[in-house]
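Colleague: Hi! Could you walk me through this model? I have a few quick questions.

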Amino acid sequence: MEERQERRRDFGTMVAKITEIGFVSYDHVLFANLTLNIRRTEVTAITGKSGSGKTVLLKILTGQENQQDGTIFIHPNTKISFVPQELDDIEINKETDIRHLFKDARGLTELETKLSRYEELISKNPDEKTLSEFGDVLDQYQKMEGYNPEPEMERILVGLGVNKESTRHITLDTKLSEVSSGQLRKILIARALYSDPDLLILDDPTSHLDVAAVDWLADYLKNAKSAVVMASNNRAFIDKCANQTIGLTDIGRVFVFSGGYSNFIEKRDAVLDAEKSAAESVMDKIEQLRDTDKMFRDKQVYNRSSTMGKVGRSLSTRMDRLSERLKEMPGSKEVYKNERVANLVFEEEKRSGQDILSIQKVLKKYGDFVAVDLRNVDAIDVKRGEKWLIWGENGSGKSTLVKMIAHLSSGGSFLPNDGKIKLGANIQLGYFTPDDVEIHAKGTLLEETVKAVDSQNKGRVAATLRFFGFTTTAIYRQSISTLSSGERKRLRLATIMLEKPNLIILDEPTGDYLQEDVKARFASAINGYTGTLILVSHEKEFIDQIKINHELQMPSGNVILKD
């Protein structure tokens, strides 16, 4: 700890300095000329559309990516804790319990090993040097609360909603193999907070948190001693804790302003409005010159004399120069381009039978922990054309239940320990889960999507991709291997639409990767679906847009008929 405190005094408040960095992806600039100072006790939020480069920027800070321009300085002794958006990007031993996971992250396990070694040395030869070194390590261990670490660990777990009271089973002795993917992500965030880093980097940290946990995390980050950099589009969350906000655009331009999201939008829009006004002024002048030029040409004025011919050439030169000037003006560029998008709905290629699904006295366990227990509930029957919402707190078994249904459909092994799940006749399932969107292909977005859905109708495929927010340029030119995490999730939703299943299961299908216009289209497309829908979601605003017929409440298994 002494070394750590000394390091912080030497380095002051500056943790990292970014100077004019840039990064180009496949055919467009993600960001250019980005300059940023990252300071201790300050929270920096990075916002932007899915695929705009938020995760790339975070990975550059962690050293997992290299910037293509500019420089980054991070103090060589800086301790960095990074929680990525995808769990597959984290190497962890699933048989580790939470207590040891946290102790390893803070460095307590290493210090305990040192203490044991010094105690052994002292028992053999208690010389002054060994005793002094032992005292230093012991002092460091005590200052890091090594003898009583549990209260702080539990405080963080309670704040994020992954304690025994909120989950029914999670304690510090729980193994990582005994928790759901959503709970694991929250535990990894908790580990990063407990590790006491110099630089804390979080990618979409609120994606699995309820409102209370989001508020708690915002307060925690606002008062943290670490420097915090996070990628998020959660506006209220950013407003509560951010000291500066970075906005990435889809033309590579970067906006950096102090304050939270609301302040950022106000300042950004003021800049954009001023730039747009300046550009419109030049456009108006060009139009005036064009009108004058057309009038002169219609009246053949330029042919009357050499002097008028020079006037014509002068007008032409002036219009060219103004047009070139306009191209360089930021206000003439569409920062957020709106391409024409067709109104689409989810369709079913083949009609299913009337009986879609029956859930009968199902029990599912993770080791000794009971994740789903519907043994005291009458059979839950889903009929053709119904839209079901599965609702409940984090860890109530929602995702576990739909995962069993999906495995039954595909012949997988994740099935009930007791009870039965029965699928009806002629079921074609489209299943979305944010934890399974890995892509191993390397062709263009259009080429690989056409292969994946076995369709020769490239126009329909392109229209569907555009419906889910992909630009025409990306559709025809971007390598599918370069898609961001959010883009891969949008692609999976698009492939489900293209596959035309008669049963769709959507497990938490919304998040920061769906911008508001795409989310609204998505909800409308679901409402137009004549097949059967099972939706797992905690996003009330999205749920309110869906015409739900039945609600299954977890973990109780109560079924509510919706109006």
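Colleague: Is Arg466 buried or exposed?

Modeller: Arg466 is buried, as its relative accessible area is 18%. Buried means under 20% relative accessible area, exposed over 50%, and partly exposed in between, with a 1.4 Å probe and protein chains only. Do keep in mind that this is a predicted model, where local features need pLDDT of at least 70, side-chain atom pairs count only at pLDDT 80 or more, and totals for chains, interfaces and linings use all residues. Residues are numbered from 1 along each chain as its sequence is written, and side-chain values use heavy atoms, with hydrogens and water left out.

Colleague: Thanks! Which helix holds Arg466?

Modeller: Arg466 sits in helix H15, residues 458–467. Helices (DSSP runs of H or I, at least four residues) and strands (runs of E, at least two) are numbered from the N terminus.

Colleague: And what separates the C-alpha atoms of Arg466 and Glu448?

Modeller: They are 15 Å apart, for two residues 18 apart along the chain.

Colleague: Switching topic: where is Asp293?

Modeller: Asp293 belongs to helix H11, residues 261–298. Asp293 counts as buried because its relative accessibility is 11%.

Colleague: What does Asp293 touch?

Modeller: Leaving out residues up to four places away in sequence, Asp293 touches Tyr302, Leu315 and Met319. Contact here means heavy atoms within 4.5 Å.

Colleague: How do the axes of H11 and H12 cross?

Modeller: The axes of H11 and H12 (residues 306–328) come within 10 Å and cross at roughly 155 degrees. Those axes are lines fitted to C-alpha atoms, for helices over the stretch in contact, and angles run from 0 to 180 degrees between N-to-C directions. H11 and H12 are therefore roughly antiparallel; that label applies over 145 degrees, with under 35 roughly parallel, 65 to 115 roughly perpendicular and the rest oblique.

Colleague: Which residues meet there?

Modeller: From H11, they include Val282, Ile286, Leu289, Asp293 and Phe296, and from H12, Val311, Leu315, Met319 and Leu322 are among them. The residues of this contact divide into 11 nonpolar, 2 polar and 5 charged. Ala, Val, Leu, Ile, Met, Phe, Trp, Tyr, Cys and Pro count as nonpolar, Asp, Glu, Lys and Arg as charged, and the others, Gly among them, as polar.

Colleague: Last one: how many helices and strands does the chain have?

Modeller: The chain has 19 helices and 19 strands. Of its 563 residues, 48% are buried, and its C-alpha atoms fill a box of roughly 110 × 75 × 40 Å along the principal axes.
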